[in-house]
Amino acid sequence: DCLKRFETESGIPVKDLYSPEDIKDIDYNRDLGNPGEYPYVRGPYKGMYRKMLWLKGLVTSCETPRLTNERFKKQIKEGQTGLRLNSDVNTHACIDPDHPLGIREIASNACPHWALPELEETFEDIPFEDIDIELAHGGVHSAFTMFCQLLGVAEKRGENIARLRGSTINCPIGSHVSHQYHNIPLPLAKKMNTDIVEFATRYVPRWHPTVPCIYYPQECGITSVQALALVLLAAVAYCQSALERGLKFDEFAPRLVFSLTGEIDFFETIAKMRAVRRMWAKIAKDRFQASNSTSCCVRIALRTAGDTLMAQQPVNNIARITIETMAGIFGGAQSLDSASLDEPFGIPTDEAVTVSMNIQHIVAHESGIPLTPDPLGGSYYLEWLTSKLEEKANKLIREIEGMGGIYAAIDSGWIEDLFKKEKIERQKEIEEKRRIIVGVNEYVIPSEEEIPIPRYKHDVQEAREQTLAKLRKFKQDRNPEKTRESLRLLYEGAERDENLIRPAIEAFKADATIGEVIGIIREGQGYSYDSFNMIRRPDFLNF
Amino acid sequence: MSVVGGKKIRILVAKPGVDGHDRGAVILCQAFRDAGWEVIYTGLWQTADMIVNAAIAEDVDVIALSSMGNTHLFYFPEVMRLLKERKAEDMCVVGGGIIPEEDKPQLEKVGVTGNFGPGTPVGVIIDHIVERVERRRS
């Protein structure tokens, strides 16, 4: 019985000893700093969790708005402080439930949010001022529609959107390269990305709209080195876009958040978080000439890695989620979304959700880990690994910049090839037992001997029928004139390439569906109504 | 084994529906190529119609359907129905993805076999497909 692997998950060889020699060139004030001080390696705030615990959350979405609402309420009672909302694949792809491609997939894994009433029901009796909301939608067009819908719900309730707290994953690059609902032309995705940043910066000041996300890319199998390079290249691209729009760096940079993955490699996850803070601090200061220190300090939202959780002996996943959660707290996350042990099977059960919430509470209150910021700071191995990740990621960034930048690397197919290569390599490592996964390629037991776990009773047929009936009634009951007029204004705004958030909010309030809003924006910008080219603009939208 | 009865195995790997999780499909395409088969990958966002058209046009031995989005109970039988309608029902159809154990008998009944979940060794999948193609060709 011995170790099979002497490398980090990214393939960095790990030596048999780390000592002061390995960190002798590190200057504390120049390279680390105290928490809350440039370059923020040890954390974005002085005192860190002594002042304020991380936002505890779990991505949540059941097959109907009613069930999702009930689950939110249960989770709030169990100590969730950050709500994380997901929606079904059709919502992510911005097609309505009756779309010919999407009609078979309604509510298959989450809640459909095709128009305002569905989101209203999802947040019923949950005051926005009491809670932080993350919209965890992979595609930028769904980030856009969900953000607009959320603002629409708030305004209909008479709540002041300037008090809304939360974040939107907003990453055209991340979603494009990981095939997460990338059925949107990249130029339009870039525009929507900047529309969200611009609008939120001006009108929703407590929102975090600039959120590059490499969770989905890491779920595809890329390494932490590659993920680091990608998140920084994406962040730079979105900041540049915002500057071109006329925003000042110090207006939006203080609300930058990186959405990262909590991987099973404990030390590499911590090092990745520390490295990314230092790398971003330098970019903000040197490249963007940040005038204030909060512009150099990025917040981290961590999601534990879904792809590390196995269907074989799922109870083992509790250990994996715990390791990843701990790594996130050692690494100084501002919000943490711990996956559930039944992730490989479908929507989490109530029991699984409670376990994941409790993992966070146990780390917070029993482990002693949060009592002091960056408690592993100064570790020979960790400081060496933090610097090593930075060095390797910088090398890759320079390589991609040498190709003309991240968008050029995407256009040329280089990124696609990289992703494909990594997907295949990860599998080979497992097949050849160069990477051991307990219960999968080692320590395998017959499935009859596994500890059984509860399974979610997913009444998907009922949810589908209910959704289609609701949609039919919604379209019958709405005032077509009102809807048409709001979409006409949205169309004109799209034609003139204006910021489309406000016209889209108004369209949702006038009972437009997500398919109609995105379809009209697409046409206004010169694309076909439907990204799958299966349906046309509805006849009543005759403008 | 790439050659069965003197002819290389031709396989269409297909992703029906909206869901974009394709890591498994991409890995298997490579594994099938490494096994010496001729592999055609449809890419994402396929209807059952598109899949069957492609399979017939490409004259494949096997269609491998990948469903990570809980759509297997519609798409897998629908592909079988369309194959039957177009008189191509002798084509082998195998499935994989996130498929609950309790759904497998239903799929097997309409002729979709395998239905391999995450973590299945690639060799097991290859052996199963070879066995099905051998039976078809004999």
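Rings of Phe, Tyr and Trp (its six-membered ring) pair if their centres lie within 6.5 Å, with planes under 30 degrees apart counted as stacked, over 60 as edge-to-face and the rest as tilted. This is a predicted model, in which local features need pLDDT of at least 70 and side-chain atom pairs count only at pLDDT 80 or more, while totals for chains, interfaces and linings use all residues. Residues are numbered from 1 along each chain as its sequence is written, chains are lettered from A and ligands numbered from 1 in the order in which they are written, and side-chain values use heavy atoms, leaving out hydrogens and water.

Over all chains, the whole structure holds 22 aromatic pairs. Select A:F258 and A:W280, an edge-to-face pair with 5.8 Å centre to centre and 75 degrees between the planes. A:F258 sits in strand β7 (residues 257-262) and A:W280 in helix α11 (residues 266-287) of chain A, so the pair ties together parts 22 residues apart in sequence; helices (H or I, at least four residues) and strands (E, at least two) are DSSP runs, numbered from the N terminus. A:F258 is buried at a relative accessible area of 0%, where buried means under 20%, exposed over 50% and partly exposed in between (1.4 Å probe, protein chains only).

Next, select B:F32 and B:W37, a stacked pair with 4.9 Å centre to centre and 25 degrees between the planes. B:F32 is buried at 2% relative accessible area, and B:W37 is buried at 4%.

Finally, show chain B whole: five helices and seven strands, with a C-alpha trace spanning about 35 × 35 × 25 Å along its principal axes.
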